Amino acid sequence: MKFEVTILGSSSATPIFNRNPSAQALNINERLYLIDCGEGTQQQMLKFDVKSRRIDHIFISHLHGDHYLGLVGLLSSMQLNGRDKPLSIFCPANLKEIIDVQMQFSETKLEYPVTYKFTNSETAEIILENADVTVESIPLDHGMACTGFLFREKKRMRKLIKEKIEQLQIPVEYYSPLKRGADYTAPDGQVFKNDELTTDSSDPKTYVYCSDTLPNEKYFEQISNATLLYHEATFLHNMLERAIETHHTTALQAAEVAVKTNAEQLLIGHFSARYKTLNELLDEARTVFPDTELAVEGRVFSIGEA
């Protein structure tokens, strides 16, 4: 099953050169989920071939402009392009009022259904569940209502051992029960245990998106053992005082979070515009957590694959 994230924006409060404000597209089994939608997200989607018609769920972490100012334009473009299928937006409650005012004064009426599901910045909750994934909100520490998002892959069915299936000439109507764990009884009455005919699927993978926050042990347990952890790393550690003042994380601290929560791999982003290049941030994080990568525009990370 495909499970990968495309980086659309990695800058913090302001865009700079080739870095746009926060946005990511998560592909889970060919369903797209948009995480944050900073200014310029539509252009990034066009540039990196992320089709808006394939997005049914949008997640907005908080109401600082670099995380949602691209949303009104995206919703309007969906309308102009003839969208008619429903869209769900997971967000702080005040975002609906912002969108409604924009649509009212631009005299825009969305002809497709939009459902708002308001996040709770105080308590972790399961906010979405379907056949592929469960999504949990992660209360963060940003000085305002802010949540991250944890995407947990559903456990897949067992895999048939092709050689065994063909050898026993098992009819196709038995495949589904076998994948679900059933034993097989042959026409002569011989019983074949499920583990003789199938293998277990891989362990479910997780993607954790930690938007703007101070490092805070309150969310560490929830995000533990992430397959891929995205954590903001706005500043180098020599600007720790500024990071604390603005409720942000340094690259060194993001790496420490990865260590403390036993992440398999770390992705850092939300870089301050003061940094023209990012090598120093990457090097700083890797001194603590070597398996760290930069969340830069256009990169695609397959979750759980080297």
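Which residue of E8 is the bridge partner of Ile 126? The partner is Glu 136, a residue of strand E8 (residues 133–139). The model is predicted: local features need pLDDT of at least 70 and side-chain atom pairs count only at pLDDT 80 or more, while totals for chains, interfaces and linings use all residues. Residues are numbered from 1 along each chain as its sequence is written, and side-chain values use heavy atoms, with hydrogens and water left out. Helices (H or I, at least four residues) and strands (E, at least two) are DSSP runs, numbered from the N terminus.

**The sheet**

- An open sheet with mixed pairing is formed by 7 strands in the order E7-E8-E9-E14-E15-E16-E17; two strands pair if DSSP finds at least two bridges between them.
- Strand E7 (126–129) and strand E17 (292–294) each have a single partner strand and stand at the edges, so one side of each lacks a neighbour in the sheet.
- From one strand to the next, the twist averages 20°.
- Strands of a sheet pair through backbone hydrogen bonds, either parallel or antiparallel.
- For E7 and E8 the sense is antiparallel, over 3 bridges.
- Helix H8 (residues 251–260) packs on the sheet, where it touches strand E15 (228–232) and strand E16 (266–269). The direction of H8 makes about 150° with that of E15; axes are lines fitted to C-alpha atoms, for helices over the stretch in contact, and angles run from 0 to 180 degrees between N-to-C directions.
- Helix H9 (residues 279–286) also packs on the sheet, touching E16 and E17, and its direction makes about 165° with that of E17.

**Surroundings of Glu 136**

- Glu 136 is buried, with a relative accessible area of 16%; buried means under 20% relative accessible area, exposed over 50%, and partly exposed in between (1.4 Å probe, protein chains only).
- Not counting residues up to four places away in sequence, Glu 136 touches Glu 125, Ile 126, Gly 148, Phe 149, Leu 150, Arg 152 and Gln 222; contact means heavy atoms within 4.5 Å.
- With the side chain of Gln 222, the side chain of Glu 136 makes a polar contact (3.0 Å). A polar contact is a pair of N or O atoms within 3.5 Å; within protein, one must be able to donate a hydrogen and the other to accept it, and residues adjacent in sequence count only if both atoms are side-chain atoms.
- Glu 136 also forms a salt bridge with Arg 152, the closest N and O atoms being 3.5 Å apart. Arg 152 lies in strand E9 (residues 147–153) and Glu 136 in strand E8, so the pair ties together parts that are 16 residues apart in sequence.
- Arg 152 is partly exposed, at 33% relative accessibility.

**Other salt bridges**

- The structure holds 14 salt bridges, each a side-chain nitrogen of Lys or Arg within 4 Å of a carboxyl oxygen of Asp or Glu.
- One of them joins the side chains of Glu 30 and Lys 2 (3.4 Å, N to O). Glu 30 lies in the loop between strand E2 (23–28) and E3 and Lys 2 in the segment before strand E1 (3–9), so the pair ties together parts 28 residues apart in sequence.
- Glu 30 is partly exposed at 43%, and Lys 2 is partly exposed at 35%.
- A network of salt bridges links Lys 2, Glu 30 and Arg 54.

**Helix H2**

- In helix H2 (residues 71–80), the buried residues are Leu 71, Leu 74, Leu 75, Ser 76, Ser 77 and Met 78.
- Their cover includes strand E3 (31–37), helix H1 (41–47), strand E4 (55–59), strand E5 (87–91) and helix H3 (94–105).
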